[in-house]
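Let's walk through this model together, moving from the place where the chains meet to the details of a single fold. Keep the viewer open as you read.

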Amino acid sequence: MSSLRLFLVENHEDTSKYMRLFLEQLNYEIRVAGDMATALREIPNSRYDVLISDIGLPDGDGWQLMEKLGPNRPPIAIAMSGYGTGNDRQKSRAVGYSHHLIKPFTPDALLAALRDAEEMRGKQR
Amino acid sequence: MTTQIVDPCQLLEEIGFAAVTVKAINAEVVAYNKLFALLVEPPAGLESARWFVECVRTRIAAADEERWETCFTNRTSVQVQVSLSEINGEPLDFEMRTVARSNANDSSDTILCIFVPLNSPVLERFFDAYISKGSDLERRRIRDELHKGVSQQLLGAAFACKVLACRLATLNEKLGKEAADVGVLLNNTVIDLQNLMRS
């Protein structure tokens with residue numbers, strides 16, 4: 001069983017539902033929020049290892065979310081976005097996302113990012 | 001060898017500009033002003049329709065001035081030669097095909113003048129720019145639609161298929177394999193769409 005605790009922020013209901021089920025099948029512990037306000041409320045109260053967040057959110061964006069979380073942000077973060085311009089990737093890196101997945105991505109691409117996250121966490125310890 | 005004479009008005013109509021008939025519609029004046037702006041520097045602060053007319057007046061050949069003024073007043077059509085030059089100074093010959101006036105009391109915004117360039121690549125450049133702008137807008141619209149709709153649904157479907165394949169595999173190995181194959185197909189579709197959106 002993976003020991004990573006994940007927090008997913010995704011406002012598209014079907015996507016978040018099936019991503020959650022997929023990751024639960026792989027024994028990840030996962031919590032889901034559909035907007036930035038919920039994420040800001042819930043993340044600081046619990047210790048998550050990885051934040052997976054959509055960049056386009058109904059009440060802000062994934063970059064603002066990282067900035068607002070400040071020291072409460074999970075140690076590893078993965079951004080998901082429909083736009084993959086160099087500028088978007090740079091912004092993601094600048095606010096602390098280690099990966100920037102461009103939608104639509106394959107489940108394997110997400111798993112590869114999570115494997116990287118596990119390695120990064122191992123090194124951080 | 002025969003030389004085919006292309007009617008410039010017909011050409012404009014084929015390209016999509018309803019060029020020759022007079023329509024006192026400000027939007028069209030603006031559209032033609034854009035063409036005109038390719039030729040002369042617009043003076044700052046002058047209202048576009050007025051600038052268009054003022055620029056025309058000063059460039060009509062002296063022999064045609066009286067005819068033009070008469071038609072201008074009577075709201076009739078006229079053809080006169082107008083001497084223009086491009087912004088870069090290159091000379092151009094333009095033919096004024098139609099002049100009309102729909103409001104005798106206000107000449108600043110009721111005149112529609114249509115120019116058809118003779119032996120000039122300016123019109124071609126204008127339409128190239130026009131078409132290119134339209135293509136860019138359409139490309140952006142399709143990309144946005146793909147992002148908001150198809151891409152998001154495909155992402156959900158790809159994960160749903162993985163989940164389903166795993167569940168089916170515990171019940172029936174063959175069905176699980178078939179669902180996994182659908183998952184591979186979806187993955188390939190995702191990759192194709194990614195490539196399409198980036199191209």
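In this predicted model, 18 residues of chain B are in contact with 15 residues of chain A. On the chain B side, H5 and helix H6 (173–198) each supply at least two of the residues that touch chain A. The largest share comes from H5(B), with 13 residues. Sorted by class, this side of chain B holds ten nonpolar, seven polar and one charged residues.

In soluble globular proteins, nonpolar side chains tend to be buried together. Here the largest nonpolar core has 48 residues, and the members that touch the most others are Leu6(A), Phe7(A), Val50(A), Ala77(A), Ile78(A), Leu101(A) and Phe159(B). Which element gives the most to this core? That is helix H5 (residues 122–171) of chain B, with eight residues. Chain A has five helices and seven strands, and from the N terminus on its elements run β-α-β-α-β-β-β-α-β-α-β-α. Of the 125 residues of chain A, 44% count as buried. Among the contacts in chain A between residues at least 6 apart in sequence, 56% join residues at least 24 apart.

What is the strand order of the open sheet in chain A? The five strands are arranged E2-E1-E3-E6-E7, with parallel pairing. E2 and E7 of chain A are the edge strands, each pairing on one side only. From one strand to the next, the twist averages 20°.

Strand E1 (residues 5–9) and strand E2 (residues 29–33) of chain A pair in the parallel sense over five bridges. Phe7(A) has Arg31(A) as its bridge partner in E2(A). To get from E1(A) to E2(A), the chain passes through helix H1 (residues 13–25) of chain A, and this β-α-β crossover is right-handed. H1(A) lies across E1 and E2 of chain A and runs at about 170° to E2(A).

The loop between H1 and E2 of chain A contains Asn27(A), a residue worth a click. Asn27(A) has a positive phi of about 70° although it is not a glycine. Is Asn27(A) buried or exposed? Asn27(A) counts as exposed because it has 11 C-beta neighbours inside 10 Å, and the cut-off for exposed is 12 or fewer.

Strand E6 (residues 76–81) of chain A and E7(A) pair in the parallel sense over four bridges. In E7(A), Leu101(A) is the bridge partner of Met80(A), and Leu101(A) is also among the core members that touch the most others. Past this strand, Pro104(A) is found in the loop between strand E7 (99–102) and helix H5 (107–124) of chain A. Check the backbone there: a cis peptide bond joins Lys103(A) and Pro104(A), with omega about -5°.

Conventions: Residues are numbered from 1 along each chain as its sequence is written. Chains are lettered from A and ligands numbered from 1 in the order in which they are written. This is a predicted model: local features need pLDDT of at least 70, side-chain atom pairs count only at pLDDT 80 or more; totals for chains, interfaces and linings use all residues. A nonpolar core is a set of buried Ala, Val, Leu, Ile, Met, Phe, Trp, Tyr and Cys residues joined through C-beta atoms within 7 Å. A residue is buried if 20 or more other C-beta atoms lie within 10 Å of its own, exposed if 12 or fewer, and partly exposed in between; C-beta atoms are placed from the backbone. Two residues are in contact if their C-beta atoms, placed from the backbone, lie within 7 Å. Ala, Val, Leu, Ile, Met, Phe, Trp, Tyr, Cys and Pro count as nonpolar, Asp, Glu, Lys and Arg as charged, and the others, Gly among them, as polar. Two strands pair if DSSP finds at least two bridges between them. A crossover is right-handed if, with the strands pointing away from the viewer, the path from the first strand over the helix to the second runs clockwise. Axes are lines fitted to C-alpha atoms, for helices over the stretch in contact, and angles run from 0 to 180 degrees between N-to-C directions.
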